[in-house]
Amino acid sequence: MAAERGHWGSRLGFILAAGGSAVGLGNIWGFPYKTGENGGGLFVLVYLACVALIGLPIMMAEIFIGKTTQTSPVGAFRAMSRPGSAWMGVGWLGVVAAFIILSFYSVIAGWSLHYVWISITTTFSDMTPGEIGGIFGQVVTNPALCSFWHVLFMVLTISIVVAGVKAGLETWSRILMPALFILLLVLLVYAMVKGNFAQGLKFLFVPNPDNFKWSSVPEAMGLAFFSLSLGMGALITYGSYLRTDEDLVSASITVSLLDTSVALLAGIILFPIIFAADGNPAGGPGLVFTTIPIAFAEIPGGVVLAPLFFLLLTFTALTSSISLLEVATAYFIDERGWTRTKATLVTGGAVMAIGIPSAISGGSRLFGAGMQTLTDPLYRGEGKDWFNALVDLSFNLMLPIGGLGIALFVAWRVDDAVREAGFSAGSKLGRLYWGWLWLLRYLVPVAIVVVLFNALGIFELLFGGGNV
Ligand code: PHE
């Protein structure tokens, strides 16, 4: 019932909430670690191209679907096609992706929560960079510890989503986003003064084919999807709480710019610190957790700032995790008629359970080494544990496939007049419509299909693996 459906308090509220969904671990944890593993500058260039040419048009398409139908993904695809239509599968895929992504997302957020505690109880300034880095290994191989923080983070997520659209999602985003930004600026000054700033920037911005592999292309695209919260209906859902006369074009541009700036900022902060400490940029998923405490060991006031940083990192993770849980929750509310409380508790509880294998995979034989052997053939000798397998599955396959479905649907299935009117409503940038449609019709689907082939290793099979 439209009258009862929650809405954002204002357009700024939507931008902050969508920005809060986009900005998260993907930017501060994911971007630096993926960039480090894939050799730096060239990867960043491909990433930026993916954001501008593939991500932005899909973001507009998602918000368009949500805003027009005023309902969550599965129902939205039904409303814009017909009951029982195969397009509803795209909505379904999104709901499944929400469960999977949130299950490992809250494990990383749990590490971050634990680091709040570690930074309060440990004096980093008494330790060498090597010793500080070593803490991460001890954390991830401790199954009980990781499970505990994962569950706690899920409890936080659930309690916000229970409160609903305006009270829960919007209020928190308003407070926490600016606070994180300010702390990042403090770290930026540190990186400029104390880090190896020149080498860091060179690594990030000078294209260099070393360590850039065929598989780096799907990784860059997957990261763009993940970081912008695309391909699984989060922005369809958020768009459905937007009034139909709101301007989706400038909102999408703002959110993408915000998201990209935070990712780049994280890189500009992290790499100079890594190089100054003789660290390894390809240090994997632990990168931000091993690097940032090294900086805070030296910064005056680091004792206070370090816990604050991890607290804010946890909070940005929270503004993203609530959007992930909202996708699953909104499905049960809109499609099954559940109350918000019931839907949130059931979906959140399920995520808690399926997150346990990720939480323990660093220290478990079964989900760690066992899984690694199992996935060996798939990853040509470098198998992934449960956690990393899920990260790859969602980044490199589920989100791009979801994005492809959304692009094809909006570009080819939706009625022309509805599409044009929805895109231009309330916007001064309505003349971008034809450019958007062209990208969505041709470039986006072709690029995603090529990249998916790539992700499945088809180019490596044809042309040989290794560097491009
Ligand atoms: N964009 C979020 C991040 O960067 C993660 C996310 C992905 C949120 C997909 C919602 C949907 O951390």
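**Entry 1**

I started with Leu53 and found its place in helix α3, residues 41-69. (Helices are DSSP runs of H or I with at least four residues, strands are runs of E with at least two, and both are numbered from the N terminus.) This is a predicted model, in which local features need pLDDT of at least 70 and side-chain atom pairs count only at pLDDT 80 or more, while totals for chains, interfaces and linings use all residues. Residues are numbered from 1 along each chain as its sequence is written, and side-chain values use heavy atoms, leaving out hydrogens and water.

(Buried is under 20% relative accessible area, exposed is over 50%, and partly exposed is in between, using a 1.4 Å probe and protein chains only.)

Together with Trp412, Trp438, Tyr442 and Leu443, Leu53 makes a nonpolar surface patch of about 520 Å². (Patch residues have over 30% relative accessible area and no salt bridge; like charges are joined within 9 Å, and nonpolar side chains, meaning Val, Leu, Ile, Met, Phe, Trp and Tyr, within 5 Å. The areas are Shrake-Rupley values with a 1.4 Å probe, and for residues only the protein chains shown count as cover.) Which helix gives the largest share of the patch? That is helix α19, residues 433-455, with 3 residues.

**Entry 1: Gly435, also in α19**

While in helix α19 I looked up Gly435, which lies there too. Gly435 counts as partly exposed at 39% relative accessibility. From Gly435 to Val418 I read 17 residues in sequence and 17 Å in space, C-alpha to C-alpha.

**Entry 2: two helices that meet α17**

Next I followed helix α17, residues 386-413, to where its axis comes within 10 Å of the axis of helix α5, residues 88-121. The two axes cross at roughly 145 degrees. (Axes are lines fitted to C-alpha atoms, for helices over the stretch in contact, with angles from 0 to 180 degrees between N-to-C directions.) α5 passes α17 in a left-handed crossing. (Left-handed means the near helix is turned anticlockwise from the far one by less than a right angle; clockwise is right-handed.) Among the residues that make this contact are Ile100, Phe104 and Trp111 of α5, and Phe387, Phe395, Leu399 and Gly405 of α17. (Contact means heavy atoms within 4.5 Å.)

How does α10 meet α17? Their axes come within 9 Å and cross at roughly 65 degrees. I noted that this crossing is left-handed. The contact includes Pro218, Met221, Phe225 and Phe226 on α10, and Phe395, Leu399 and Pro400 on α17.

Asn211 sits in the loop between α9 (197-205) and α10 (216-227), and is partly exposed at a relative accessible area of 46%.

Ser229 is not a glycine either, and its phi is positive at about 65 degrees. I found Ser229 in the loop between α10 and α11 (234-239). Is Ser229 buried or exposed? Ser229 counts as buried, because its relative accessibility is 10%.

**Entry 3: salt bridges**

How many salt bridges does a search of the whole structure find? It finds 6. (A salt bridge has a side-chain nitrogen of Lys or Arg within 4 Å of a carboxyl oxygen of Asp or Glu.) I looked up a few.

Arg78 and Glu335 pair through their side chains at 2.4 Å, N to O. This pair links distant parts of the chain, from Arg78 in helix α4 (residues 73-80) to Glu335 in helix α14 (residues 302-336), 257 residues apart. Arg78 is partly exposed at 28% relative accessibility, and Glu335 is partly exposed at 23%.

Lys194 bridges to Glu298, with the closest N and O atoms 4.0 Å apart. Here helix α8 (residues 165-194) supplies Lys194 and helix α13 (residues 287-298) supplies Glu298, 104 residues apart.

Asp416 and Arg419 meet at 3.0 Å, N to O. Both are in helix α18 (residues 416-424), 3 residues apart, about one turn of the helix. Asp416 is partly exposed at 47% relative accessible area, whereas Arg419 is buried at 0%.

**Entry 4: Gln372**

Last, I turned to Gln372 in helix α16, residues 365-375. Gln372 is partly exposed, with a relative accessible area of 34%. What does Gln372 contact, leaving aside neighbours within four places in sequence? I found Gly383, Lys384 and Asp385. Val451 is 79 residues from Gln372 in sequence and 25 Å away in space, C-alpha to C-alpha.

Terms used:
Accessible areas come from the Shrake-Rupley method with a 1.4 Å probe; for residues, only the protein chains shown count as cover.
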